[in-house]
Amino acid sequence: GAVYAYLKPGGDWSNATETQKIIDIQHYANIGDKYGSSVFIDGEYAAVGAPYDSAATGKAYVLHYDGTDWITIAQLTASDGEISDYFGKSVSISEDNIVVGAYGYDDVNYSIGAVYVFTKPSGGWRNATETAKLTASDGSSNDNFGYSVSISGNTIIVGTPKDDGSKTNGGSAYIFEKPSGGWTDATETAKLTASDEGTSDYFGYSVDISENTAVVGAYHEDNANGNQSGSAYVFVKPSGGWSNMNETAKLT
């Protein structure tokens with residue numbers, strides 16, 4: 001795998017070729033690692049997932065833009081990583097925090113999934129294992145918690161597209177808020193679900209959050225546009241804080 005970097009031209013974005021092709025040769029990425037399966041950029045830092053590294057144990061890389069090139073400066077791994085965890089399937093950055101999903105993680109449940117938070121050390125990013133591990137309080141086998149992740153400031157959203165609520169593989173998403181003392185191992189602050197959950201909607205297949213608004217994709221949801229036409233659900237943080245809730249709005 002590879003990642004391609006593009007710099008915005010002097011005017012607006014236009015058709016362009018890459019300014020740099022990034023291949024992780026300096027850290028010995030191997031055939032089949034699928035480096036670039038997930039990417040995220042925040043200012044001069046980027047995160048790149050390689051979920052098939054080391055027999056799909058997975059790895060994430062931190063890159064820094066030095067004004068000319070993107071340089072790999074750190075490798076992130078899970079302290080309890082195992083084969084087929086797929087750590088790095090999803091990545092997100094906000095300021096000094098990087099979040100990495102490992103949807104294949106097993107505890108006593110197969111592929112229950114886990115998410116790992118990394119906080120930038122005072123001396124700068126370096127090879128490290130997680131600062132905190134996030135899990136679902138009601139997780140079960142094959143939920144795939146962490147298939148998608150997003151962080152904005154002090155809030156993380158995690159997609160769990162195979163969670164069974166009222167329907168098989170209906171899906172859900174979990175909100176985590178940073179404790180006053182910093183990120184630590186934790187379960188969710190709130191759980192988000194669709195009011196019209198259907199079988200195999202895969203709600204949580206994609207997620208994003210910006211300040212007090214979260215969006216969750218359900219790409220297999222059936223609506224008036226046809227079977228598996230898909231929908232997105234918008235959630236706005238209530239005045240009293242995040243709590244278990246259905247959507248504020250549905251987009252089709």
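Guide: Six bridges join strand β5 (residues 59–65) to β6, and the two run antiparallel. Keep in mind that this is a predicted model.

Visitor: Which residue in β6 is the bridge partner of Y61?

Guide: Q75 is the partner of Y61.

Visitor: How many residues lie between β5 and β6?

Guide: Four residues lie between them, and the two strands form a hairpin. Look at G67 in the turn: its phi is positive, about 100°.

Visitor: What is the strand order in the open sheet?

Guide: The order is β3-β4-β5-β6, four strands with antiparallel pairing. From one strand to the next, the twist averages 20°. Take β4 and β5 as a case: six bridges pair them in the antiparallel sense. Across that pair, A46 stands opposite L63 in β5.

Visitor: Which strands stand at the edges?

Guide: β3 (38–42) and β6 do. Each has a single partner strand, so one side of each is left without a neighbour in the sheet.

Visitor: How should I read side chains along a strand?

Guide: Here is the general idea. In a regular strand, side chains alternate between the two faces of the sheet.

Visitor: And what about nonpolar side chains?

Guide: In soluble globular proteins, they tend to be buried together. Now the case here. The largest nonpolar core has 19 residues. V62, F87, I98, V100, Y116, F118 and W125 have the most contacts inside it.

Visitor: Which strands each supply at least two residues of this core?

Guide: β4 (45–50), β5, β6, β7 (87–94), β8 (97–102) and β9 (114–119) do. Apart from this core lies another, of 16 residues, including I157, I175, V207 and F235.

Visitor: What is Y116 in contact with?

Guide: Leave aside its neighbours within four places in sequence. Among the contacts of Y116 are then F87, I98, V99, V100 and A102. Y116 also contacts D80, E130 and K133, among others.

Visitor: How much space lies in the largest pocket?

Guide: About 240 Å³. The lining of this pocket has 14 residues. V3, Y4, A5, I41 and W70 lie nearest its centre.

Visitor: Which elements give two or more residues to that lining?

Guide: β1 (3–5), β3 and β4 do.

Technical notes: Residues numbered from 1 in each chain as written. Predicted model: local features only at pLDDT ≥ 70, side-chain atom pairs only at ≥ 80, totals over all residues. Heavy atoms only, no water. Pairing = 2+ DSSP bridges. Core = buried A, V, L, I, M, F, W, Y, C linked by side-chain atoms within 4.5 Å. Buried < 20%, exposed > 50% of the residue type's maximum accessible area, 1.4 Å probe, protein only. Contact = heavy atoms within 4.5 Å. Axes fitted to C-alpha atoms, helices over the stretch in contact; angles between N-to-C directions. 1 Å grid on protein atoms, 1.4 Å probe; cavity = no way out; pocket = protein on both sides within 12 Å on 5 of 7 lines; lining within 4 Å. Points joined across faces, edges and corners; volume = space filled by probe spheres on them.
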